[in-house]
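Please look over this note alongside the model.

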Amino acid sequence: MQASEIRDLRGALEFLDGVPGQLQRTRHPVDPNHELAGVYRHIGAGVPVLPPTRTGPAMLFESVKGYGIPVLVGLLASRERAAMLLGTTPQRLPFKLLDALKHPCAPVFVEGSAPCQEVVHRAPLDVRSLLPAPTNTPLDAGPFFNLGLVRAQDPETGEADVTIHRLCVQGPETLSIYFAPGRHIDAFRRKAEAAGKALPVSISMGLDPAVYIAACFEPPTTPQGCDELTVAGGLRGGAVQLARCVSVDASAIANAEVVIEGEILPGERIREDVQTNTGYCMPEFPGYLGSAQPALPVIRVTAVTHRRNPILQTLAGPGEEHVNLAGIPTEASILQMIEHAMPGLLQNVYCPPAGGGKYLAVLQVRKAGPRDEGRQRQAAIAAFAAFPELKHVILTDEDVDIFNPHEILWAMTTRYQGDVSTVFIPGVRCHPLDPSQSPEFSPSIQAPGISCKTIFDCTVPYALKEKFGRAKFAEVDPGPWMKS
Ligand code: MN
């Protein structure tokens, strides 16, 4: 099985079964309520989960207490595994996505019956007993689907969008859905609501990882009206197949393991922690428990469809799975934009786990001549301008391995002087989930969610470059010595 043949979750799992150490199956019974996420923390959740944690295998819990459906977590919780599943290397991942952006391929409707509709449950139903959505911590607002790929269409233009949104199970046929500001499906929902209408949606779960990664592209790379499934088609070199929903006017991923169909009701809102009153929703990607939202849109579930013997795929967040989903498309977007504006300067980009994939980017640049001095900072400003959620940019030279955190800290130690190498840009709106962005933390912050964006320029000034050559060793072929 080659990575290029993967078209659905089952193909991805079959592929990983052939790679030692990447997929752990367990039959030991697990409770989806708190226990499953607690276990995966030790197996493979990764930074920024509270230690002890580590980068590890994906995990398929085959025996989930109270359910006949297994739960998969952590499929993308390792950059190395994400690269394998897309047929590339960790260093080349953003370039692989760039290539997909250049070769978009629109989704098509499947001919004949769709695998995701082998079994159909129509309302009345109870999502809570049908699907084992995990509750990640004792303070969570309830069970969450964290890898629900929501698909909907603009009620005016018919343009489609896919995005992963957190979905809390609030009742037998009720989910709440959280939209961060500016999300495209929320714009569709507002239009439908203004017309007094419900917005039909599908929620596909258990997918080809290429679909999940492509869905995480954001503007300006995929502006409203751009169906991110065209990028997924580009990644796989073939169209993603869609199925017409059985109960609403919407389309879902035809080979998904599970699809929830429903509609976002106009004028209805629910408090996210209405079941628990804890004030929290669930552990969010920066590593802290997120606050429950006071009034979220409500999805009324109209049907649940699935394959025979389905697998429920989810994300026991935070951790590296979120980092890769958010970070790799951001890396590709930064590469694309800066290459456009300043060809040849930017060599690679990495959004490390410390930033949850959104807050921190390391830009590797090559200053080719004296006129390139200062352009590295221009590149950092351009990245801030395009990605409002980016808070820190670290700049390094081309001889630094940006995928090794020790290398980044080495550059910050030997090629950085705090007073001249740091650029502060205070008073800029950032992302609401970083708890340090509050007036109590800093006198320069006027309101929550505003931040001091910072450039850490760890590049050698071009005029001094000769003095900063790394010690060179004899070039050898180490092959014969590596076979012990
Ligand atoms: Mn979009």
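Which residues in α8 are buried? They are L229, T230, V231, A232, G233, G234, L235 and R236.

1. This is a predicted model: local features need pLDDT of at least 70, side-chain atom pairs count only at pLDDT 80 or more, and totals for chains, interfaces and linings use all residues. Residues are numbered from 1 along each chain as its sequence is written, and side-chain values use heavy atoms, with hydrogens and water left out.

2. Helix α8 spans residues 229–236 and is mostly covered, with eight of its eight residues buried. Buried means under 20% relative accessible area, with a 1.4 Å probe and protein chains only. Helices are DSSP runs (H or I, at least four residues) and strands are too (E, at least two), numbered from the N terminus. Just after α8, G237 takes a positive phi of about 65 degrees.

3. The whole structure holds three aromatic pairs. The ring centres of Y416 and F456 are 6.3 Å apart and the planes meet at 40 degrees, so this pair is tilted. Y416 lies in the loop between α11 (405–414) and α12 (418–421), F456 in strand β23 (residues 450–457), 40 residues apart. Rings of Phe, Tyr and Trp (its six-membered ring) pair if their centres lie within 6.5 Å; planes under 30 degrees apart count as stacked, over 60 as edge-to-face and the rest as tilted.

4. Y416 has a relative accessible area of 17%, so it is buried. F456 is buried too, at 18%.

5. The charged end of R166 sits over the ring of Y178, 4.2 Å from its centre. K358 has its charged end over the ring of F285, 5.9 Å from the centre. The test asks for NZ of Lys or CZ of Arg within 6 Å of the ring centre and within 35 degrees of the ring normal.

Key: Buried < 20%, exposed > 50% of the residue type's maximum accessible area, 1.4 Å probe, protein only.
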